[in-house]
Amino acid sequence: MSNGKWDDKTIAAASSAVIILGGLAYYWVGEVQSTVELLELAYGSFKFFNNPLVF
Amino acid sequence: MVSNILNNYRSVVGLAVVLLVVLLIELFEVRAAIYPVLFPFFEWLKYSSWIGYLGTTYGSVYATVQAGHLISMAVIGGAVLVTDLRLLGVLLKDIPSETITEGTHKCFKYSLIVAIATGIFCAAGVADKVYYMPVFWVKMLALLAGSCFMFFIKQPLLNSRPHEEIEPWTMRLLAVASILVWFTVAATGRWIGFS
């Protein structure tokens, strides 16, 4: 509110951007976590450069 | 007092109402109740509608429409990246951001119409498959959120005044949220393709 920049549209834009960023960050972090868990379940450990499927 | 708030903070009140509706939908498990009801529609879309028939019978038609879908998604991605990277001060700094946002938004609007029209055709051909994919619903949600964000939040703010009068951190937040939401639409789209 300091210099009149925080009007209706600005508050709506900032809050919706924060909600979208939070929601999508939660989704993608969850996807990474489940992928790592799946790899650990399949191969015992999660290693980028020691995949037993690559000979 | 209430009418004063409604008049002065119309967008904020609208956003609060949308959030309340989403909260109620989740709280009363409306989404879970609607999901099984949608299945007959997806079955009809694939087996009984003419677009489902065309998509499943003629591979060349499906491939051509899908190419249109991919091109329109590429144009959306380009429009979003040019606009948002300009708002972040990364690209095209010698051109006023008002000029860029105005030009790219027209391109975005038409590409979105093409992407939705071709997307319905593409989904119809594999409707019984995508119905069971959580990632398909994530894409639909991201598409809905991204479109509403673009038409009801981002563009009204960017068109309301010269960009130098907009709070800089709000502009950066808008740009990053917009890039991430359209990245999600594209990534989940490819995920559907590879599932």
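This is a predicted model: local features need pLDDT of at least 70, side-chain atom pairs count only at pLDDT 80 or more; totals for chains, interfaces and linings use all residues.
## What covers helix α8 of chain B

The buried residues themselves are B:F136, B:K139, B:A142, B:L143, B:A145, B:G146, B:F149, B:M150, B:I153, B:K154, B:L157 and B:L158. Two lysines, B:K139 and B:K154, are on that list.

Helix α8 of chain B runs over residues 134–160, 27 residues in total. Its first and last C-alpha atoms are 38 Å apart, close to the 39 Å expected at 1.5 Å a residue. The helix still bends, by about 40° at B:M150. B:M150 is also one of the buried residues of α8(B).

## Chain A and its helix

Chain A has 1 helix and 0 strands. That helix, α1(A), has 36 residues. It reaches 52 Å from first C-alpha to last, close to the 52 Å expected at 1.5 Å a residue. Just after α1(A), A:G44 takes a positive phi of about 85°.

Of the 55 residues of chain A, 15% count as buried. Within α1(A), the buried residues are A:K9, A:T10, A:A12, A:A13, A:A14, A:S16, A:A17 and A:I20. They pack against α2, α8 and α9 of chain B.

## The contact between the chains

Chain A puts 17 residues into the contact, and chain B puts in 25. On the chain A side, 11 of the residues are nonpolar, 3 are polar and 3 are charged.

## Nonpolar cores

The largest nonpolar core has 33 residues. Those touching the most other members are A:A13, A:A17, B:I76, B:L174, B:A177 and B:V181. The elements giving two or more residues to this core are α1 of chain A and, from chain B, α2 (10–27), α5, α6, α8 and α9. Helix α9(B) gives the most, with 9 residues.

B:L174 shows how the chains meet here. Neighbours within four places in sequence aside, B:L174 is in contact with A:A13 and A:A17, and also with B:L87 and B:K154. Another core, of 10 residues, lies apart from the largest one. Among its members are B:L45, B:F121, B:V126 and B:F136.

B:T188 is found in helix α9 of chain B. B:T188 counts as buried because it has 23 C-beta neighbours inside 10 Å, and the cut-off is 20 or more. Residues up to four places away in sequence aside, B:T188 touches B:V135, B:V138, B:K139 and B:A142. B:A124 is 64 residues from B:T188 in sequence, and their C-alpha atoms are 17 Å apart.

B:E165 lies in the loop between α8 and α9 of chain B. B:E165 counts as exposed because it has 11 C-beta neighbours inside 10 Å, and the cut-off is 12 or fewer.

## Confidence

The mean pLDDT of chain B is 89, and 100% of its residues reach 70 or more. Among the elements of chain B, helix α5 (residues 59–87) has the highest mean pLDDT, 92. Helix α1 (residues 2–8) of chain B has the lowest, 76. For the complex, the predictor gives an ipTM of 0.82 and a pTM of 0.84.

Methods: Residues are numbered from 1 along each chain as its sequence is written. Chains are lettered from A and ligands numbered from 1 in the order in which they are written. Helices (H or I, at least four residues) and strands (E, at least two) are DSSP runs, numbered from the N terminus. The expected span of a helix is 1.5 Å times one less than its number of residues. The bend at a residue is the angle between axes fitted to the seven residues ending there and the seven starting there. Two residues are in contact if their C-beta atoms, placed from the backbone, lie within 7 Å. Ala, Val, Leu, Ile, Met, Phe, Trp, Tyr, Cys and Pro count as nonpolar, Asp, Glu, Lys and Arg as charged, and the others, Gly among them, as polar. pLDDT is the predictor's confidence in each residue, from 0 to 100. A nonpolar core is a set of buried Ala, Val, Leu, Ile, Met, Phe, Trp, Tyr and Cys residues joined through C-beta atoms within 7 Å.
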